[in-house]
Amino acid sequence: MSETVLEVRDLKTYFYTYAGVVKALDGVNLTVREGETLGLVGETGCGKSVTSLSVMRLVPNPPGRIVGGEILFKGQDLLKMSDEEIRKIRGNKIAMIFQDPMTYINPVMTIGDQVSEVILLHQDLRKEALQMKIEHLKTRLQSASADTQKEVEKEIEALQLEMKDPPKLQTREARRIAITKAIDLLRLVRMPYPEKIVSQYPHELSGGMRQRAIIAMALACNPSLLIADEATTSLDVTIQAQILALLSDLKRSLRTSIMVITHDLGIVAEMCDKVAVMYAGVVAEYANTKSLFKNPLHPYTKGLLRTIPSLTKEQDRLEAIEGMVPNLIYPPEGCRFHPRCRNVMDVCRRERPEMITVEEDHQVACHLYATRESQREASR
């Protein structure tokens, strides 16, 4: 079994407002393994983005605060780290692609400066600078005369010795190396003419190009976990498909784990290995993607899938889930979905359902299945 990169346990994030305490996340549990893509889906306001901000320790305080639970990144609890320690992980080991590239990209800095800033902040470029000098000398060695070969070989040996304790880089040299790496990153995300793009400003690029620049920044330090929060919402369909294909290719080539936050079930079906369906600050269903689409269990998940227009059946009207998302200052007692559920029972109004395993890699928090499981055990 692959290594667990991220494990969220009973996470609770509240927002303290004048109207009351908004329980945005109220006991969320998630797991992301190495090389896996997890999709977080649900209606607007269900807690998807708050989950990502909680993992990144970027919940605005005030009014927000993580009040309980654990966020384990490779076994380390991010909630117990100091601000200085979390800054070494944020943008380095865990990176995030935000929804609107123009909101999270600096309009007065060139693309090259912004990508290289991440590299300069988190990477030690001293060894890379020495390696570049060694490669340059090796190239010279091939065409050097017999008299100069020994001198070049001595220079290479001296630089190889320095690799054990590299000297401090001058700011100009460090920036030159970082810009070179930035160009390589822009080329990796299939940015056209990366050598030209590094000297351009965000307003000179299209929406798709700005999003590629954001992805390049996120990948600058080869993170173990990449969080994509509605990364393609503001893009047209053609560019959206290109960005999704790019993320899938990068996942395979770099073995990066990805958490995709979206309300688009088509993106989930195309990209994700597992899916967590969220509703009103809790996870209602957790399954591998094929199992979720083939056999949805939770009434909310079934409702979401019914709202997708069919390509094979004629429909007079699109289906909708009746009712409204609850006010999270005063969430419903028991199951949070029960006021909108077609299969509601008395127990749903009284008790909050536990997450139970119905089949392999398929869990659901619903009293319907807890009742069936208890009936099976009673009949044995």
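**Entry 1: a buried ring**

I looked up Phe-337 and found it buried, with a relative accessible area of 4%. Buried means under 20% relative accessible area, exposed means over 50%, and partly exposed lies in between, with a 1.4 Å probe and protein chains only. I note that this is a predicted model, where local features need pLDDT of at least 70, side-chain atom pairs count only at pLDDT 80 or more, and totals for chains, interfaces and linings use all residues. Residues are numbered from 1 along each chain as its sequence is written, and side-chain values use heavy atoms, with hydrogens and water left out.

**Entry 2: aromatic pairs**

I searched the whole structure for aromatic pairs and got three. Rings of Phe, Tyr and Trp (its six-membered ring) pair if their centres lie within 6.5 Å; planes under 30 degrees apart count as stacked, over 60 as edge-to-face and the rest as tilted. Tyr-279 and Phe-337 have ring centres 5.1 Å apart and planes at 85°, so I wrote this pair down as edge-to-face. I then checked where the two residues sit: Tyr-279 is in strand β9 (residues 274-279), while Phe-337 is in the loop between α13 (299-306) and α14 (346-350), 58 residues apart. Helices (H or I, at least four residues) and strands (E, at least two) are DSSP runs, numbered from the N terminus. Tyr-279 also counts as buried, at 3% relative accessibility. Ring pairs join Tyr-279 and Phe-337 with Tyr-300 in a cluster.

**Entry 3: the largest pocket**

I looked up the largest pocket and noted a volume of about 640 Å³. Of its 20 lining residues, Arg-90, Gly-91, Val-118, His-122 and Met-217 are the closest to the centre. A pocket is an open set of points on a 1 Å grid over the protein atoms alone, where a 1.4 Å probe fits, with protein on both sides within 12 Å along at least five of seven lines; lining residues have an atom within 4 Å of a point. A volume is the space filled by probe spheres set on the points, which are joined across faces, edges and corners. Helix α4 gives the most to this lining, five residues. I sorted the lining of the largest pocket into eleven nonpolar, five polar and four charged residues. Ala, Val, Leu, Ile, Met, Phe, Trp, Tyr, Cys and Pro count as nonpolar, Asp, Glu, Lys and Arg as charged, and the others, Gly among them, as polar.

**Entry 4: the second largest pocket**

The second largest pocket holds about 550 Å³ of space. I found 26 residues in its lining, with Gly-27, Val-282, Val-283, Arg-352 and Pro-353 nearest the centre. Strand β2 supplies the largest share of this lining, six residues.
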